[in-house]
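User: Please take a close look at one part of this model. I would like its packing and its surroundings in one connected account.

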Amino acid sequence: MRLIESTYISLDGMVAGDAFWGAQQGFQGDQHNEQAAKLLNAADALLMGRATYDVFSTSWPDRPGELADAINPLPKYVASRTLTDATWNTEVLQGDAVEAVAQLKASREGTLLKYGTGSFSQALVEAGLLDELQLWVHPFVAGSGEGLLSGIAPTQMNLAAVTEVGNGVVILTYAPKQ
């Protein structure tokens, strides 16, 4: 399986925080939604950490529309040390999350799409399991918040694609250097 991480990011590298979530509103237009649907429709399963799962599993199941129609039926995997029971077509990864993802990648074909950031993302990058990183760069400076991959060892990547999705948002797609 190919593992693609897709995440929103500000010009100053923030991916979460009060300033980030407030400022990134209003950038989603038709092109943005079309690209998000294209990404979801190409995925065979979703991968999330616990925090992302908690937010997504309480908001997506009841939403209408094309994106909800794409995300809701997909099989989902969540990495968590504490979650024992999951809903929303979700399996909790058992044991070490990085090892579980490595086994999942080796045992299946297709695309595993990861949403969310944080220590789980960092561990996947450091383990060499990420095949593609899509940064949806939004044209604002958050000024504070959580950075994308703070604290990991230097990791070189090659720019694979640049996609404009309207309202000043571009998707920078990177693949780890081999």
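Analyst: The buried residues of helix α6 pack against β1, β3, β4 (76-79), α5 (97-107) and β6. The model is predicted: local features need pLDDT of at least 70, side-chain atom pairs count only at pLDDT 80 or more, and totals for chains, interfaces and linings use all residues. Residues are numbered from 1 along each chain as its sequence is written, and side-chain values use heavy atoms, with hydrogens and water left out.

Helix α6 spans residues 119-126, and its buried residues are F120, S121, Q122, L124 and V125. Buried means under 20% relative accessible area, exposed over 50%, partly exposed in between (1.4 Å probe, protein chains only). Helices (H or I, at least four residues) and strands (E, at least two) are DSSP runs, numbered from the N terminus. Just after α6, G128 has a positive phi of about 75°.

Now the strands. In β6 (residues 111-114), T111 and L113 point one way, L112 and K114 the other, and all are buried. In a regular strand the side chains alternate between the two faces of the sheet. Strands β1 and β6 run parallel, joined by four bridges; two strands pair if DSSP finds at least two bridges between them. R2 stands opposite T111 in β6. Strand β3 (residues 45-49) also pairs with β6 in the parallel sense, over three bridges. Here L47 stands opposite K114.

T7 lies in β1 (residues 2-10). T7 is buried, at a relative accessible area of 7%. Leaving aside neighbours within four places in sequence, T7 is in contact (heavy atoms within 4.5 Å) with V15, T117, Q134, L135, W136 and L148.
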